[in-house]
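Trainee: Could we go through this model together? I would like to begin with the charged residues and then turn to the core.

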Amino acid sequence: MDARNTLQQLAALLDSRAETGSTMRLDEAQAFLLALISGPDPVDAALWLPEILAEEHLFDDAEQQNIATLLTAWTDSMRAQMQQGQMPDLLLYADEEGGTDYYTWCNAYLYAIDIAPSDWFTEQEDEGFEDLFYPVMALGGVYDATDDEPALIDIDDTERRDLQQQLPESLLAIYRYWRAKTNKPQTLRRQGPKTGRNEPCPCGSGKKYKACCGA
């Protein structure tokens with residue numbers, strides 16, 4: 001099945017329910033899955049499928065199975081692209097004003113981080129890690145004014161356009177960070193004190209360590 005057909009089928013299954021319920025639209029599903037692909041945890045359908053469907057009673061068993069199969073194929077395809085250093089094209093819908101709806105896409109990405117088994121921000125070891133999230137957080141409205149608080153950061157139209165252009169590379173950098181961290185060789189640490197070369201060998205032979213196990 002080609003990628004276009006997969007997306008068309010998924011859009012038909014998800015978007016109609018999203019209009020009247022809590023099911024994720026196809027753009028949200030992509031953002032959600034891309035975040036899970038990028039992080040340190042295994043991507044388990046038992047985690048992501050209920051979150052994407054939200055109201056499972058709206059889908060019969062056959063539809064749920066079909067959606068799971070299609071989303072798994074799409075996830076595998078996006079992961080393969082990222083493993084090759086390519087960011088998948090972001091699936092962005094139009095917002096109510098006719099612009100590009102980065103807000104909804106970015107919030108779905110951030111939601112995946114919230115429900116992931118690992119806490120990304122306590123497990124990372126790089127002071128610059130959080131900086132990678134600035135475009136997705138800014139475009140997701142994290143710094144915007146609310147009814148109770150002023151804007152944390154004022155973002156003008158020029159900077160917003162720059163952030164939109166930076167978003168794919170920032171997302172790929174987050175993916176690369178976790179791949180480097182999870183693939184880093186683990187250092188084996190010695191258990192107990194080091195045995196001196198002229199001390200008795202801990203194996204109990206009665207010989208000096210340098211003439212026995214340390215030879």
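Trainee: Which residues are linked in a network of salt bridges?

Mentor: R25, D27 and D101 are linked in such a network. A salt bridge here is a side-chain nitrogen of Lys or Arg within 4 Å of a carboxyl oxygen of Asp or Glu. Before we go further, note that this is a predicted model, in which local features need pLDDT of at least 70 and side-chain atom pairs count only at pLDDT 80 or more, while totals for chains, interfaces and linings use all residues. Residues are numbered from 1 along each chain as its sequence is written, and side-chain values use heavy atoms, with hydrogens and water left out.

Trainee: How far apart are the closest N and O atoms of R25 and D27?

Mentor: They are 2.6 Å apart. D27 counts as buried because its relative accessibility is 0%, whereas R25, at 22%, is partly exposed. Buried means under 20% relative accessible area, exposed over 50%, and partly exposed in between, with a 1.4 Å probe and protein chains only.

Trainee: How many salt bridges does the structure hold?

Mentor: It holds 5. One of them joins R79 to D76, with the closest N and O atoms 3.0 Å apart. Both residues lie in helix α4, 3 residues apart, which is about one turn of the helix. Helices are DSSP runs of H or I with at least four residues, strands are E runs of at least two, and numbering starts from the N terminus. R79 is partly exposed at 25%, and D76 is partly exposed at 41%.

Trainee: Which residue forms a salt bridge with E169?

Mentor: The partner is R176, with the closest N and O atoms 3.2 Å apart. E169 has a relative accessible area of 45%, so it is partly exposed; R176, at 42%, is partly exposed.

Trainee: Now the core. How many residues does the largest nonpolar core have?

Mentor: It has 52 residues, and those with the most contacts inside it are I52, I67, L71, Y109 and W120. The largest share, 9 residues, comes from α2. By nonpolar core I mean a set of buried Ala, Val, Leu, Ile, Met, Phe, Trp, Tyr and Cys residues joined through side-chain atoms within 4.5 Å. In soluble globular proteins, nonpolar side chains tend to be buried together.

Trainee: Which residues does I67 touch?

Mentor: Leaving out residues up to four places away in sequence, I67 touches L10, L13, L14, L49, L53 and F59. Contact means heavy atoms within 4.5 Å.

Trainee: Where does I174 lie?

Mentor: I174 lies in helix α8, and it counts as buried because its relative accessibility is 0%. With the sequence neighbours up to four places away left out, I174 touches S38, Y109, W120, L132 and F133.

Trainee: How many aromatic pairs are there?

Mentor: A search of the whole structure finds 11. Among them, W120 and W178 are edge-to-face, 5.8 Å centre to centre with 65° between the planes. This pair links distant parts of the chain, W120 in helix α6 and W178 in helix α8, 58 residues apart. Rings of Phe, Tyr and Trp (its six-membered ring) pair if their centres lie within 6.5 Å; planes under 30 degrees apart count as stacked, over 60 as edge-to-face and the rest as tilted. W120 is buried at 2%, and W178 is buried at 1%.
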